[in-house]
Amino acid sequence: MSDRISVSIDKGVADVRLIRSDKMNALDDAMFTALIETGDALAANPDVRCVVISGEGRAFCAGLDMGNFGKMASGSSEGSSPAEGGGRLEKRTHGVSNRAQYAVRVWRELPVPVIAAVHGVAFGGGFQLTLGADMRYVAPDTQLSIMEIRWGLVPDMAGTQIMRHLAREDIVRELTYTGRRFSGEEAYEYGFATRVEADPLAAALETAREIASKSPSAIEASKRLLNAAVYAGEEEGLVLESVEQDVLISSPNQIEAVMSQMEKREANYAPARSGPVRKAG
């Protein structure tokens with residue numbers, strides 16, 4: 001999908017860029033496919049330790065391609081999800097997710113941390129795409145919106161399930177009901193942005209390189225725990241902590257972490273994954 005997304009990998013950091021810049025990286029069918037295929041490929045690559053996703057040109061992602069709305073209005077689309085231009089209930093194609101939802105959830109389910117570097121605009125589906133990342137670095141003048149209400153729709157790319165863990169319920173409701181635009185500074189205030197950065201891509205890559213320098217075994221275990229913490233009860237969460245820690249203690253990468261610190265040298269870690277990671281469903 002080189003006409004929609006480019007990927008370069010350097011020292012464990014995957015630099016993923018939406019490159020449909022002439023359309024402000026709008027989401028068409030090919031972009032949905034590219035997001036899913038790229039996420040799955042990175043999940044299967046044991047050399048990847050952190051991912052940065054950004055958009056080239058004037059925007060991170062302007063949301064759904066306007067052609068999708070035209071298809072919905074004419075009733076000519078054979079698609080299933082509103083995010084793909086249809087009106088039928090889409091079957092679960094990726095575990096608990098349908099195809100449009102998985103284009104966002106694939107980044108949340110990736111074994112390694114993902115940082116979204118956001119500039120320009122992130123509207124509708126573009127905003128929901130940022131939510132799939134572990135962290136969001138946003139330029140202060142970025143314009144964001146849960147814009148689906150403008151088209152008589154609801155956010156249907158997993159947004160309702162992720163937003164509720166990031167921002168106050170009343171904030172989520174107000175932005176969903178009104179579709180109003182808000183800035184990168186406001187996104188930080190609400191809880192949607194991790195950091196406000198003049199150059200979010202440079203800052204995200206810097207953080208990604210720092211993460212990639214740590215034990216991949218511990219990083220991936222941490223992401224599993226933090227993903228599970230969203231739904232796990234206290235007892236289950238405490239047990240999961242102990243299980244992950246028991247596997248890490250005295251493992252080769254944990255020993256290397258200790259020795260590299262004591263010897264004041266760069267660590268030489270083994271990949272944490274030996275093959276493709278099983279997808280949900």
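Reader: Which residue of β2 is the bridge partner of Ile9?

Author: The partner of Ile9 is Ala14, which belongs to β2. The model is predicted, with local features needing pLDDT of at least 70 and side-chain atom pairs counting only at pLDDT 80 or more, while totals for chains, interfaces and linings use all residues. Residues are numbered from 1 along each chain as its sequence is written, and side-chain values use heavy atoms, with hydrogens and water left out.

Reader: Why is Lys11 called exposed?

Author: Exposed means over 50% relative accessible area, buried means under 20%, and partly exposed lies in between, using a 1.4 Å probe and protein chains only. Lys11 has a relative accessible area of 75%, and therefore it is exposed. Lys264 has 75% relative accessibility, so it too counts as exposed.

Reader: How do you know that strand β2 is largely enclosed by the rest of the structure?

Author: Of the six residues in strand β2 (residues 13-18), five are buried, and therefore the strand is largely enclosed. Strand β2 also pairs with strand β3 (residues 50-55) in the parallel sense, over six bridges. In this pairing Arg17 stands opposite Ser54 in β3. The chain passes from β2 through α1 to β3, and this β-α-β crossover is right-handed: with the strands pointing away from the viewer, the path from the first strand over the helix to the second runs clockwise.

Reader: Why does Val52 count as buried?

Author: Val52, a residue of strand β3, has 0% relative accessibility, so it counts as buried. Contact means heavy atoms within 4.5 Å. Leaving aside neighbours within four places in sequence, Val52 is in contact with several residues, including Ala14, Asp15, Val16, Ile115 and Leu201. Val52 and Ala116 are 64 residues apart in sequence, yet their C-alpha atoms are 5.8 Å apart in space.

Reader: What makes both faces of β4 covered?

Author: Val114, Ala116 and Val118 on one side of β4, and Ile115 and Ala117 on the other, are all buried. Five of the five residues of strand β4 (residues 114-118) are thus buried. Strand β4 pairs with β3 in the parallel sense over three bridges, where Val51 has Val114 as its bridge partner. With strand β6 (residues 135-138), β4 pairs in the parallel sense over four bridges, and here Ala116 stands opposite Arg136.

Reader: How are helices α1 and α3 placed against each other?

Author: Two packed helices are described by the angle and the distance between their axes. Axes are lines fitted to C-alpha atoms, for helices over the stretch in contact, and angles run from 0 to 180 degrees between N-to-C directions. For α1 (residues 29-43) and α3 (residues 99-109), the axes come within 9 Å and cross at roughly 40°. The crossing of α1 and α3 is left-handed, a term used if the near helix is turned anticlockwise from the far one by less than a right angle, whereas clockwise is right-handed. Among the residues making the contact are Phe32 and Ile36 of α1 and Tyr102 and Trp107 of α3.

Reader: Why are β5 and β8 called edge strands?

Author: In the open sheet of three strands with the order β5-β7-β8 and mixed pairing, β5 (121-123) and β8 (182-183) each pair on one side only. Three bridges join β5 to strand β7 (residues 143-145), and these two run parallel.

Methods: Pairing = 2+ DSSP bridges.
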